[in-house]
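Here are a few exercises to work through with the structure open beside you. Try each task before reading its solution.

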Amino acid sequence: MFKILEPNKIFSITSKATKYIFFLFIVVLCIGLVEALFLSPEDYIQSHSVRIMYVHVPSAWTSIGIFLLIALLSIISFIFKNKNFSIIAKSLAPSGFVFNIVALVTGSIWGKPTWGTWWAWDARITSMLILLLFYSMYILAWRIFSEKENAVKITSIIAILGLINVPIIKFSVDWWSTLHQSSSVNILSESSIHPSMLLPLLIMTAAFSLFSLLIFLMKYNTELIKIKNKGLNRL
Amino acid sequence: MINEVIFMKGYGLYVWSAFSFTLISFASLYMLIKINLVKEQNKFAAKFGLLSKEKVKVAKIQSTNREILVNRISSKI
């Protein structure tokens with residue numbers, strides 16, 4: 001069923017794709033930075049501090065998206081006992097973890113001029129911190145459990161448990177009265193953000209997605225070479 | 001004009017530090033992953049070099065093994 005995703009078959013693609021993805025990432029990031037820092041307008045209330053949104057929001061979106069993907073792959077790997085899915089999930093974790101840290105730190109920097117505080121135990125911020133804990137546990141579990149079977153089981157359980165936190169992050173601003181503003185960009189309903197601000201936000205999201213793809217491909221290649229290294233021992 | 005870009009009506013410190021932190025995090029993660037990849041490629045090439053002629057023939061049948069060796073050379077360039 002999943003023969004098309006066999007490591008040997010996709011290695012030739014993943015090993016060659018990195019340089020093209022890197023080039024594309026640099027181009028999109030440069031356009032995004034110019035738009036975000038110089039061309040987009042300042043906000044009538046938040047003034048120039050609104051520019052932090054162009055790194056804060058895409059990193060939050062990407063980290064949540066990557067965790068969703070990890071959880072989905074873990075479920076598939078758990079049900080179908082497919083090891084390649086667990087390698088893909090493992091390779092996604094580092095970029096998701098870093099994006100989560102970036103979202104929390106840039107959110108904290110944005111919080112100081114807008115709310116007057118670096119940190120608040122607000123529902124959205126706390127649930128993002130819990131996501132970071134799940135990411136930390138997931139990465140640590142891969143390091144701690146040397147036996148592959150155990151590592152796959154434990155990391156899958158962590159990812160599936162962490163999945164419960166994802167809708168909490170999304171709806172925290174609606175369920176509780178929070179300092180954090182509700183979402184301005186909606187897929188199903190009309191967005192309240194002006195197109196002049198939406199454009200740099202989408203370009204930066206594209207750049208961050210490309211970066212996570214680049215890191216994923218490099219990490220995936222590293223994992224495959226590790227497996228091949230063990231294979232040479234068995235020759 | 002330049003002053004407005006740097007100071008951003010008093011918000012410059014916040015904006016520039018948020019963007020700097022993001023870009024430094026990206027660069028650090030990229031370097032870390034790249035170092036690990038090159039380390040594993042070198043380890044693979046060193047092990048491959050120690051194989052006997054017969055084992056090299058067997059190992060080279062697999063396209064992935066050939067790809068790793070080729071990519072190691074190209075990543076050094």
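The exercises below concern a predicted model and go from a helix pair to a core and then to an interface.

**Exercise 1.** Work out how helix α4 (residues 123-144) of chain A is oriented relative to helix α5 (residues 148-163) of chain A.

*Solution.* Start with the axes: those of α4(A) and α5(A) come within 9 Å and cross at roughly 175°. Angles over 145 degrees count as roughly antiparallel, so α4(A) is roughly antiparallel to α5(A). Next, look at who makes the contact: α4(A) contributes Phe134(A), Met137(A), Tyr138(A), Ala141(A) and Trp142(A), while residues from α5(A) include Val152(A), Ile154(A), Ile158(A) and Leu161(A). Finally, sort the contact by class: 11 residues are nonpolar, 2 polar and 1 charged.

**Exercise 2.** Find which residues touch the most other members of the largest nonpolar core, then follow Ile70(A) to its contacts.

*Solution.* The core has 84 residues, and Met53(A), Ile70(A), Phe211(A) and Phe19(B) touch the most other members. Helix α7 (residues 195-233) of chain A gives this core its largest share, 17 residues. Now take Ile70(A): setting aside neighbours within four places in sequence, its contacts are Ala89(A), Leu92(A), Ala93(A), Tyr135(A), Tyr138(A) and Ala159(A).

**Exercise 3.** Describe the interface of chain B and chain A by residues and by buried area.

*Solution.* Count first: 39 residues of chain B and 49 residues of chain A take part in the contact. Then turn to area: the two chains bury about 3,900 Å² between them, with 78% of it on carbon and sulfur atoms. Within the area that chain B buries against chain A, Tyr14(B), Phe19(B) and Phe26(B) supply 18%, more than any other three residues.

Technical notes. Residues numbered from 1 in each chain as written. Chains lettered and ligands numbered in written order. Predicted model: local features only at pLDDT ≥ 70, side-chain atom pairs only at ≥ 80, totals over all residues. Heavy atoms only, no water. Axes fitted to C-alpha atoms, helices over the stretch in contact; angles between N-to-C directions. Helix = DSSP H or I, 4+ residues; strand = E, 2+ residues; numbered from the N terminus. Parallel < 35°, antiparallel > 145°, perpendicular 65-115°, else oblique. Contact = heavy atoms within 4.5 Å. Nonpolar A, V, L, I, M, F, W, Y, C, P; charged D, E, K, R; others polar. Core = buried A, V, L, I, M, F, W, Y, C linked by side-chain atoms within 4.5 Å. Buried < 20%, exposed > 50% of the residue type's maximum accessible area, 1.4 Å probe, protein only. Buried area = accessible area lost by both parts, 1.4 Å probe.
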